[in-house]
Amino acid sequence: QFPAEGLLCAPCRMAAPEFERAVAYGIYEDGLREMVHLLKYERMRSLARPLGRLLAEAIETLAADAGGDLTGAAEWAVVAVPLYPSKERQRGYNQAVLLADAALAELKRTRPEWKLRAAHGKMRRVRDTKSQFSLTPKGRRRNLIGAFAVADARALAGREVLLVDDIYT
């Protein structure tokens, strides 16, 4: 069962996050965990489409939580969390980009009035990090300090950013 909307998880109550809202497209267990693992480590790129549809539904939930929708004058920059360059070369792709692009394709079909634009290259990972999965909440935050840089600040200045990753940790 999901917690009531508006409630913060224990780690967020202890140290407020630096983002406004977060949403997950499911609990990382059972079949969903297997699908993400297959996409991420077994090169089953075709799983990005069904997972992207789930992500699109989650983004619609996030929009509803924000008070309606994502329309308005501002264009939203959709940025997939970048992998460290050597890790992306080894894997052959960034699974967060595949998920974000699949979700964007679905949302362009179902919510054409939303101004969402992929901006994946606007952020880069400048430091290789440990896997977040096995770390404590405090360790996860410490692990990410200095790991990312904005590659094109002007492209993101004054815009809302929808950051997409495969697993929310």
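## Helix H2

Helix H2 covers residues 30-41 of this predicted model. The expected span is 1.5 Å times one less than the number of residues. Helices here are DSSP runs of H or I with at least four residues, strands are runs of E with at least two, and both are numbered from the N terminus.

Which residues of H2 are buried? They are Leu-32, Val-36, Leu-39 and Lys-40. An α-helix has 3.6 residues a turn, so residues three or four places apart point the same way. Buried means under 20% relative accessible area, exposed means over 50%, and partly exposed lies in between (1.4 Å probe, protein chains only).

Asp-30 belongs to H2. Its relative accessibility is 64%, so Asp-30 counts as exposed. Asp-30 is not a glycine, yet its phi is positive, near 50°. Arg-43, which follows H2, has a positive phi near 60°. Arg-43 is not a glycine either, and lies in the loop between H2 and H3.

## Model and confidence

The model is predicted: local features need pLDDT of at least 70, side-chain atom pairs count only at pLDDT 80 or more, and totals for chains, interfaces and linings use all residues. Residues are numbered from 1 along each chain as its sequence is written, and side-chain values use heavy atoms, with hydrogens and water left out.

The mean pLDDT of the chain is 85, and 88% of residues reach 70 or more. pLDDT is the predictor's confidence in each residue, from 0 to 100. Confidence is lowest in helix H1 (residues 10-14), at a mean of 71. Confidence is highest in helix H5 (residues 95-110), at 96. Where pLDDT is low, the predicted coordinates should not be read in detail.

## Overall fold

The chain has seven helices and five strands. Along the sequence they follow the pattern α-α-α-β-α-α-β-β-α-β-α-β. Of its 169 residues, 33% count as buried. Among contacts with a separation of 6 or more, 71% join residues 24 or more positions apart. Contact means heavy atoms within 4.5 Å.

## Nonpolar cores

The largest nonpolar core has 28 residues. Those with the most contacts inside it are Tyr-25, Leu-39, Leu-51, Leu-55, Ile-59, Val-78 and Leu-116. At least two residues each come from H2, helix H3 (48-65), strand S1 (76-80), H5 and strand S5 (161-164). H3 gives the most to this core, with eight residues. A nonpolar core is a set of buried Ala, Val, Leu, Ile, Met, Phe, Trp, Tyr and Cys residues joined through side-chain atoms within 4.5 Å.

Leu-55 touches Tyr-25, Leu-99, Ala-100, Ala-103 and Val-164, not counting residues up to four places away in sequence. A second, separate core has five residues, including Ala-77, Ala-119, Met-123 and Leu-156.

H5 has 16 residues. From first C-alpha to last, H5 reaches 23 Å, close to the 22 Å expected at 1.5 Å a residue. Its buried residues include Leu-99, Ala-100, Ala-103, Leu-104 and Leu-107, and also Gln-95 and Glu-106. At the start of H5, a side-chain oxygen of Asn-94 comes to within 2.8 Å of the backbone nitrogen of Ala-96.

Asp-101 is found in H5. Is Asp-101 buried or partly exposed? Asp-101 is partly exposed, with a relative accessible area of 34%. Beyond its neighbours within four places in sequence, Asp-101 is in contact with Ala-118 and His-120. The side chains of Asp-101 and His-120 make a polar contact (2.8 Å). Their C-alpha atoms are separated by 9.6 Å, and the two residues are 19 residues apart along the chain. A polar contact is a pair of N or O atoms within 3.5 Å; within protein, one must be able to donate a hydrogen and the other to accept it, and residues adjacent in sequence count only if both atoms are side-chain atoms.

## Thr-129

Thr-129 lies in the loop between strand S3 (123-125) and helix H6 (137-144). With a relative accessible area of 12%, Thr-129 is buried. Its side chain makes a polar contact with the side chain of Arg-125 (2.7 Å). Setting aside neighbours within four places in sequence, Thr-129 is in contact with Lys-87, Asn-143, Leu-144 and Ala-147.
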